[in-house]
Amino acid sequence: MMIFATTIEIGREDCFKHIDLPFKVEADYSRLIIKYSYSPKKYEGSDAFDLALEAFKAVYGDAPISESDVLSELPLNNHVTLSLSMGDELIGTAHRHANEMSIEVGGGSSVGFKPYIIKKGSYAITLSCHAVLSEKIVAKVEVYGQE
Amino acid sequence: MGKNKFKFELHTHTVHSDGAFTPKELVESAKKHGYYGIALTDHNTTSGCDSAVEWGKKLGVLVIPGIEWTTFYGHIVVLGGNSKVDWRKVNPDTVIELIEEARAAGDVVGLAHPYRVGYPVCTGGKNQFPKEIFEHLDFYEAVSGEIDDPSNLSAILEYNELKSRGYSLSAAYGRDWHKDADKSGAKYGATYLLSDKEKLNLTEAIELIKSGCTLVGYRDTANNILEEKI
């Protein structure tokens, strides 16, 4: 049964912010299924090379920077990770590069999440905006309860 | 400093974050590469630690449970598996308090790849936390990733400067090991823990890191690591 669904737009002003999406679990479930996707993943703006070059310059000191090193980092990626918590308890984080995933939380949770007995109460999904290069990212979250 | 050198890799990842290894595969690979021990430091999760520790016991590799707080402002590795800090709360205003919370719980805390190419290539890859954190850290990845990466020169320079100013930071190497397939020709180092003991347990390994009994091996020729003390 679907217990929460939302679609949000994330802009460059959200970069380096955590966006909380609270929801409630009001029935007995043995597991939660979270379906999460965001798009676009890749950033292919005309300034991508220059953005990457500046990042190299900031750490390479006087060492030469080859064009191939910079090109190897392209295309740049948007990166928005998902965490789940109940109250102050962090249940887990999906810190990976895929932009479409299905996460199970319960007795046998998906990687990144600890085994967790689902209780009724207030939960929150956090979208952490590690990299927002595109003008607009559309993120979709759905949470299903399974008995 | 200790007559015996125990070879460790203190910065690794599995499928529990963005690594390619399962915990079992990571431990098997560590065994194959001759590590006495590893620290599992998945990004923002400890969910793979129990499995890695169990495989370590089966295969004879000491596994230190840990986490890499992969924040927008820098990456911090926390080793020991005792603290329960929520990585989302770590920011320039809170970082010192949360480092101390982790240390008070019995963990050791280190700055990862301080000069990795940062945003937008790798968010937080370059450390942007306030300089005051150096008074509160136990160790510093003076060398990370491929040893010939030019960014290591900046990290070694900063480490030596911090030591000359009296900071009690242990030196560490962090491969940031995500997968088994090495880049062709790439050279990697290791962290050695120095002790008079014949074998180490988790508590002893943590204490050696905390007390500065480390050596960074970062010149690797044909897989023969030559140690250089930083």
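Colleague: Before we start, what counts as buried here?

Modeller: A residue is buried if 20 or more other C-beta atoms lie within 10 Å of its own, with C-beta atoms placed from the backbone. Keep in mind that this is a predicted model.

Colleague: Thanks! With that in hand, how many residues of strand 7 of chain B are buried?

Modeller: Strand 7, residues 170-174 of chain B, is mostly covered, with 5 of its 5 residues buried.

Colleague: Which way do they point from the strand?

Modeller: B:Ser170, B:Ala172 and B:Gly174 point one way, while B:Ala171 and B:Tyr173 point the other way, and all are buried. In a regular strand the side chains alternate between the two faces of the sheet.

Colleague: And which strand is joined to strand 7 of chain B by 5 bridges?

Modeller: That is strand 6 of chain B, residues 139-144, and the two run parallel. For a spot to look at, B:Ser144 stands opposite B:Gly174 of strand 7.

Colleague: Staying in chain B, which residues of helix 2 are buried?

Modeller: In helix 2 of chain B, residues 49-59, the buried ones are B:Cys49, B:Ala52, B:Val53, B:Trp55 and B:Gly56. Those residues cover an arc of only 165 degrees around the axis, which puts them on the same side of helix 2 of chain B.

Colleague: What is exposed on the other side of helix 2 of chain B?

Modeller: Two lysines, B:Lys57 and B:Lys58, are exposed there.

Colleague: What do the buried residues of that helix pack against?

Modeller: The buried residues of helix 2 of chain B pack against helix 1 (23-32), strand 2 (37-40) and strand 3 (62-70) of chain B.

Colleague: How is chain A divided into domains?

Modeller: Domain 1 of chain A takes in 2-41 + 78-146, and domain 2 takes in 44-75. Their centres, taken over C-alpha atoms, are separated by 32 Å.

Colleague: In what order do the 4 strands of the open sheet in chain A come?

Modeller: The order is 1-10-3-8, with antiparallel pairing. Strand 1 (2-11) and strand 8 (100-106) of chain A stand at the edges with a single partner strand each, so one side of each is left without a neighbour in the sheet. On average, neighbouring strands of this sheet are turned by 15 degrees against each other, direction ignored.

Colleague: How many bridges join strand 3 to strand 8 in chain A?

Modeller: There are 7 bridges between strand 3 (residues 31-39) and strand 8 of chain A, which run antiparallel. One pair to check is A:Ile33, whose bridge partner in strand 8 of chain A is A:Glu104.

Colleague: Last topic: how many residues of chain A are in contact with chain B?

Modeller: 30 residues of chain A are in contact with 26 residues of chain B. Helix 1 of chain A gives the most to the side of chain A that touches chain B, with 7 residues.

Colleague: And how does that side of chain A split by class?

Modeller: The side of chain A that touches chain B has 15 nonpolar, 12 polar and 3 charged residues.

Technical notes
Residues are numbered from 1 along each chain as its sequence is written. Chains are lettered from A and ligands numbered from 1 in the order in which they are written. This is a predicted model: local features need pLDDT of at least 70, side-chain atom pairs count only at pLDDT 80 or more; totals for chains, interfaces and linings use all residues. Two residues are in contact if their C-beta atoms, placed from the backbone, lie within 7 Å. Ala, Val, Leu, Ile, Met, Phe, Trp, Tyr, Cys and Pro count as nonpolar, Asp, Glu, Lys and Arg as charged, and the others, Gly among them, as polar. Domain bounds come from an automatic or database domain assignment. Two strands pair if DSSP finds at least two bridges between them. Axes are lines fitted to C-alpha atoms, for helices over the stretch in contact, and angles run from 0 to 180 degrees between N-to-C directions. A residue is buried if 20 or more other C-beta atoms lie within 10 Å of its own, exposed if 12 or fewer, and partly exposed in between; C-beta atoms are placed from the backbone. The arc is that of the directions from the helix axis to the C-beta atoms.
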